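Subject: Structure for you to look at

Hello,

Here is the structure I said I would pass on. Please open it and keep it beside you while you read the notes below.

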Amino acid sequence: MVFPDYRSVESPDIRAEYEDAWGRTLDPVRGLTVVEIMNDILAGGIEAMYIQGENPAMSDPDQAHARKALASLKHLVVQDIFLTETAWHADVILPASAHAEKARHLHQYQPSGPDRPSLRAHAGRSQG
């Protein structure tokens with residue numbers, strides 16, 4: 001429906017910029033909105049979906065309509081960092097990682113004050 005910065009795929013000038021930058025011909029037909037997708041599912045046009053990092057069962061303006069559509073899919077795959085309301089309708093749930101986890105960084109809570117453990121005591125060195 002849109003290129004980066006919400007620039008319309010239907011504009012020949014905008015599309016030409018991206019075709020030149022990406023070195024390929026791009027589809028000029030806009031895609032469906034989430035609301036249109038839910039309508040198309042119920043009309044029998046979409047039978048399966050892969051949803052990544054979205055929760056249309058909660059974010060759709062008509063949640064009952066969206067949940068009915070999601071439940072009617074023949075196959076639904078959801079990939080997310082949480083077990084969302086949308087994931088409850090899924091046939092397959094795949095794990096995802098948050099942006100902080102992608103760099104393999106782990107931040108643990110460290111207490112402060114007199115209850116804080118000594119790092120030297122836990123350095124793995126033999127005390128002898």
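The notes below cover the salt bridges and then the sheet.

Please keep in mind that this is a predicted model.

Salt bridges

Side chains of opposite charge can pair when their charged atoms come close. The structure holds three salt bridges.

One of them joins the side chains of E17 and R7, with 3.0 Å from N to O. E17 belongs to helix α1 (residues 12-22) and R7 to strand β2 (residues 7-8), so this pair ties together parts that lie ten residues apart in sequence. Both ends are partly exposed: E17 has a relative accessible area of 42%, and R7 has one of 25%.

Another salt bridge is formed by the side chains of E36 and R30, again listed at 3.0 Å, N to O. E36 counts as partly exposed, at 27% relative accessibility. R30 is partly exposed as well, with a relative accessible area of 33%.

E47 and K74 also form a salt bridge, and their closest N and O atoms are 3.6 Å apart. Here the partners sit in loops: E47 is in the loop between α2 (34-42) and β3 (48-52), while K74 is in the loop between α4 (63-72) and β4 (75-80), so the pair ties together parts 27 residues apart in sequence. E47 is partly exposed, with a relative accessible area of 44%. K74, at 63% relative accessibility, counts as exposed, because the cut-off for that word is over 50%.

The sheet

Which order do the strands of the open sheet follow? The sheet has three strands in the order β3-β4-β5, and their pairing is parallel. At the edges stand β3 and β5 (92-95), each with a single partner strand, so one side of each has no neighbour in the sheet. From one strand to the next, the twist averages 10 degrees.

The strands β3 and β4 run parallel and are joined by five bridges.

Which residues of β3 make up the covered face, and which the uncovered one? M49 and I51 are on the covered face, whereas A48, Y50 and Q52 are on the uncovered face.

Regards

Conventions. Residues are numbered from 1 along each chain as its sequence is written. This is a predicted model: local features need pLDDT of at least 70, side-chain atom pairs count only at pLDDT 80 or more; totals for chains, interfaces and linings use all residues. Side-chain values use heavy atoms; hydrogens and water are left out. A salt bridge is a side-chain nitrogen of Lys or Arg within 4 Å of a carboxyl oxygen of Asp or Glu. Helices (H or I, at least four residues) and strands (E, at least two) are DSSP runs, numbered from the N terminus. Buried means under 20% relative accessible area, exposed over 50%, partly exposed in between (1.4 Å probe, protein chains only). Two strands pair if DSSP finds at least two bridges between them. Axes are lines fitted to C-alpha atoms, for helices over the stretch in contact, and angles run from 0 to 180 degrees between N-to-C directions.
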